[in-house]
Structure formats: structure tokens, C-alpha cells
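Hello,

Here is the structure I promised to pass on. Please have a look, then read my notes below.

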Amino acid sequence: MRHRIAVVGGGPAGLTFARVLHGRGHPVTVLERDPGLDARPPGGTLDLHEGLGQRALEKAGLLAEFQQVSRPEGQAMRILAPDGTVLRDWQPRPEERANPEIDRRQLRDLLLGPLDVRWGQGVRQVVPGARDGVLVRFEDGREETFDLVIGADGAWSRTRTAVSPVTPRYTGVTFVETSLDDVETRLPDLARLVGDGSVAVYGANRALVAQRNSGGHVKVYAQFRAPLDWHTDLDLADGAAVRARLLALFDGWAAPVLDLLHHGTVFTHRPLYVLPVSHTWTHVPGVTLLGDAAHLMPPLGAGANLAMLEGAELAESLATGSGDPDEAVRDHEERMWARAGRWAELTAAGLERLVSPDPTQALALFDEVQPS
Ligand SMILES: Cc1cc2nc3c(=O)[nH]c(=O)nc-3n(C[C@H](O)[C@H](O)[C@H](O)COP(=O)(O)OP(=O)(O)OC[C@H]3O[C@@H](n4cnc5c(N)ncnc54)[C@H](O)[C@@H]3O)c2cc1C
């Protein structure tokens, strides 16, 4: 196989795809919009499941390295009531490796390895059916042709329009994220509250969730149901104003819980969007999608895992297939749609229960999914 293959996007999906293909001796072009490695904060920690993200890393030959840097203790999960009462305090057994956590930056560095990413290459449009392949139009006006273009360009994918007219819709739930550094020394009480993994506090239609990352870094997510324009009278760049609004939203919650919000200075607005459950399209030769570009779903621990496994499987099929990439792509689409459809349903139902008028739903969901 010596086809000109490009993957648009250097997130978990694109990098896993490229790494597995590269590992099997096939050239692949990674086109990433970010101008460089540290162009923006990489985001919070990810749990990689044994049968999904970890399987992808195994296909990439990176499982041993993952086991060295990931944090099995990060699987710990504590649930509190808004008054601070501890409702659940689950600690993983020492040998528990079902869902260890890894920082996104560590995962990216692991996947990047020898890959030669073309940074600063924002794609504006992908046009299939051109005379000599699939035309890629860049944001800076350049054009280039490939035999196969894989859209791994996330929620607001530009590649998606080549295969599907569907766009993401708002779920009615918004996250506002803040970060705390050096918690062990600066905020020891808060460090104890979060523990080695996550703490979640559920109230009616709102929740506060904090997750430990490596190096004493904690990410906090205020989650609530709100119309998309809830912030029209608020300057989202004004950290103190956003903090005050969030504290008002969680008014009455116990002081140690509100401490999660008190120390944040920069707040990132993340309204949650999704693609329709079981989003599919009529196959278009020369173009396909991976990850969030294909099946954006609520962030309940599946998106990056699915994205990585799809990337690894497609790369493997392309590398070992009959030589007709279209056959491998069709198989990939069928397999991806079936698996992602099941997860999209689960995560959509999960979000309804986690940010629900009835907070006992969140606890019930935890009891259903947590290993004993
Ligand atoms: C708060 C939060 C917590 C989450 N926690 C988890 C978790 O614990 N476990 C889990 O499995 N999932 C989790 N997810 C979901 C996960 O982040 C996504 O599903 C995953 O990142 C999808 O990977 P991707 O490669 O498809 O897309 P992305 O990670 O979005 O990567 C897309 C890449 O494409 C680039 N790009 C975009 N547009 C263009 C363009 N036009 N041209 C070139 N490049 C472009 C972007 O810069 C980016 O690098 C979480 C999500 C959120 C918001």
C-alpha cells in the first residue's frame, strides 16, 4: 500500500491513527491547526479503559510506556452531598488497572514519538471527487491532494461537511472549568478533599466535579443546566465575575465544597454539544471520520477511548488490507457506527442522570457502574 494518506487533526484520534500506521511502515501526513505543541493548554486528565484506549495503545506498541506514566490510583472516586456529607468513597485495589488516568499532555507526547506533525495547517474544506484524489483546502488558501483524507478534527470538524450535513447541538448542560496548581502545599485541605482521583458533588441540576491531574494540578468543573445564552450579562474573561456568578449558583453548599471554586482565577466556558446518537452517512470514497468528528458525545469517559481505538483499528486495516483502502474504510465505518452508537446512547442517558433535577440519580448511576 502506498497511498497518499492525510489525517486532519492531531488529537487522540489522529495521533493514534498516524502512530499505528507509521509503526507498520506506512507514510502518513498529520495536518494540525495548532501552530505548535504548546499552543494552548492541553485540557484535563483522561481515563483510558482496558478494552478501548488501552487496546489502542497496545496496537501502537505503547502499552508498557502507558503503564509507567499513568495513574491507577486516579481511579479513586468520592461522592459528596452538597452539605459535605461523604456518600461514597471508592478506592481502587492496588492491582486495579481497568481505567487508569493519564494527563492529556503525557498521552499526546506518548503518541507523538517519531511522528512528524505539520503544525499550523488549519484545513478549511475537504472536497472529494477531484480529478486526482481528494482536495484539501487550507485556511491560508493553499491546496493539496491526497488519496485518502481522515477527518479527526474534533467537534467542529471541517472534514465532516464532505460526508454529512449534520452539526452538533447544545445539550442544555454547560461546564465551566478552572484549574488549581500546587494543591498539596497551597491548598492541603482541598488536596485531601479531592484525594488521588476525583470528587463529585451533586445537587439539583448542578454539580461540582474536581479531578486530580499529575504534579499537584487539579481541574474543577462547575456543571449546570442553563440556556446557551446564560452568560449574556457576564464577561467570561473576567475571572472574578465568573467566580462570583458560580458561587451564587452553588449558594448554600458547604464551605469546603465551595472552596473548589474560591481559588480559581481563570475560568473556561464549555457548553456541551453532541452529534445525534447513531450519526451515520452515505459512504464517500476517499474521506472518512474518526472520534468526535464522527460521534461527539457527552464527556463521560468514552470519547477519547473510542477515538483512539477507531484510529488504531483503521490504521491496522489499511496496513494489512487487500490494497484497496476503500474496503478498509467501509469496514471501519460500519464497526465505528455500531460501537459509537451504543456509547452515545449510554452517555446521553448518563448526562441526563448526572445533571438532573433529582440528584439521587447520580448516586444510583455511580452504584450501577462502579466495580465493587
Ligand atoms: C471536560 C471533558 C472531559 C473529558 N474526559 C474524558 C475522559 O476522561 N475520557 C475520555 O475518553 N474522553 C473524555 N473526554 C472526551 C474527549 O476529550 C474527546 O472525545 C477526545 O478528545 C476526542 O478526540 P479527537 O481526536 O476526536 O478530537 P480532539 O481531541 O478535539 O482533537 C481534534 C484535533 O484537531 C485539530 N483541528 C480542529 N479543527 C481543525 C482543522 N480545521 N484543521 C486542522 N486541525 C484541526 C484540533 O486542534 C485538535 O488537535 C472529555 C471531554 C471533555 C470536554
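**The β13 hairpin and beyond**

β13 and β14 form a hairpin with two residues between the strands, and Asn205 there has a positive phi near 60°. Keep in mind that this is a predicted model.

Tyr202 sits opposite Ala207 in β14. β13 also pairs with β4 (residues 77-80), this time in parallel, through four bridges. Here Ile79 faces Ala200 in β13.

β13 (residues 198-203) is mostly covered, with six of its six residues buried. Ser198, Ala200 and Tyr202 point one way, and Val199, Val201 and Gly203 the other. In a regular strand, side chains alternate between the two faces of the sheet.

Next, an open sheet. Five strands make it up, in the order β7-β2-β1-β11-β17, with parallel pairing. β7 (117-118) and β17 (287-289) are the edge strands; each has a single partner, so one side of each has no neighbour in the sheet. Within this sheet, β1 (residues 5-8) and β2 (residues 29-31) pair over three bridges. Val7 stands opposite Val30 in β2.

Now the helices. In α4 (residues 104-112), the buried residues are Leu107, Arg108, Leu110, Leu111 and Leu112.

Last, the surface. Asp324, Glu327, Asp331 and Glu334 gather there in a patch of negative charge. Asp324 lies in the loop between α10 (303-320) and α11 (325-354). Asp324 is partly exposed, at 39% relative accessible area.

Best wishes

Terms used
Residues numbered from 1 in each chain as written. Predicted model: local features only at pLDDT ≥ 70, side-chain atom pairs only at ≥ 80, totals over all residues. Heavy atoms only, no water. Patch = residues over 30% accessible without salt bridge, like charges linked within 9 Å, V, L, I, M, F, W, Y side chains within 5 Å. Areas by Shrake-Rupley, 256 points an atom, 1.4 Å probe, with all protein chains shown as cover. Salt bridge = Lys/Arg side-chain N within 4 Å of Asp/Glu carboxyl O. Lys, Arg positive; Asp, Glu negative; His and termini not counted. Charge placed at Lys NZ, Arg CZ, Asp CG, Glu CD. Buried < 20%, exposed > 50% of the residue type's maximum accessible area, 1.4 Å probe, protein only. Pairing = 2+ DSSP bridges.
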